[in-house]
Amino acid sequence: MTERPSPPFTVGVEAGPGAVRLRLAGDLDFDTSDLLVERAQACLAADPGPRDLFLDCSGLRLCDSMGVAGLLQIHRGTTSRGVALHLENPPAFLRRILDITGTARLFVLDGAGRRTEQEEGTPPAPSG
């Protein structure tokens, strides 16, 4: 049986006033979680730093335990800087993982009625 190669994991970056959106596509797993964490950390280290970091998860096909660990690492980075972390368009499998692990409460999930105590910023306008 021949294995089909999975599509590459990509992280698109869109910066706007006070906010950054990272568009995730592909499999967030052992091989790719470091890339996401590195991109997020670079965005958080910018001067001036964002008030809000949006992760658009609509293009995710999979998220394993290392992917969740990467999201938690990003959460630690945003929390230490007072930045709100938003998960946009999380697929049902990601919502389920976050619910089962008890970590959903750490994120602002769009459409889930969950909000942080921080003021929600305006996301960058979609490009295109």
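User: Leaving aside neighbours within four places in sequence, which residues is T103 in contact with?

Analyst: In this predicted model, T103 is in contact with L72 and L98 once those sequence neighbours are set aside. T103 lies in the loop between α3 (92–101) and β5 (108–109).

User: Is T103 buried or exposed?

Analyst: Buried means under 20% relative accessible area. T103 has 10%, so it counts as buried. Its side chain also makes a polar contact, 2.8 Å, with the side chain of T101.

User: Which residues have the most contacts inside the largest nonpolar core?

Analyst: That core has 27 residues, and the ones with the most contacts inside it are L22, L24, L36, L53, L55, L71 and L87. At least two core residues come from each of β2 (19–28), α1 (33–44), β3 (52–63), α2 (65–81), β4 (84–88) and α3. Take L53: beyond four places in sequence, the residues it touches include V20, L22, A40, L44, I74 and L85.

User: How many disulfides does a search of the whole structure find?

Analyst: A disulfide needs two cysteine sulfur atoms within 2.5 Å. The search finds 0. For C63, the nearest cysteine sulfur is that of C57, 8.1 Å away, and C63 is in no disulfide. C63 is buried at a relative accessible area of 8%, and C43 is buried at 12%.

User: How are aromatic rings handled, and how many aromatic pairs are found?

Analyst: A pair of aromatic rings is described by the distance of the centres and the angle of the planes. Here the whole structure gives 0 such pairs. There is a charge over a ring, though: the charged end of R21 sits over the ring of F54, 5.5 Å from its centre.

Definitions and conventions: Residues numbered from 1 in each chain as written. Predicted model: local features only at pLDDT ≥ 70, side-chain atom pairs only at ≥ 80, totals over all residues. Heavy atoms only, no water. Helix = DSSP H or I, 4+ residues; strand = E, 2+ residues; numbered from the N terminus. Buried < 20%, exposed > 50% of the residue type's maximum accessible area, 1.4 Å probe, protein only. Polar contact = N/O pair within 3.5 Å; in protein donor to acceptor, adjacent residues only side chain to side chain. Contact = heavy atoms within 4.5 Å. Phe/Tyr/Trp six-rings, centres within 6.5 Å; stacked < 30°, edge-to-face > 60°. Lys NZ or Arg CZ within 6 Å of the ring centre and 35° of its normal. Core = buried A, V, L, I, M, F, W, Y, C linked by side-chain atoms within 4.5 Å.
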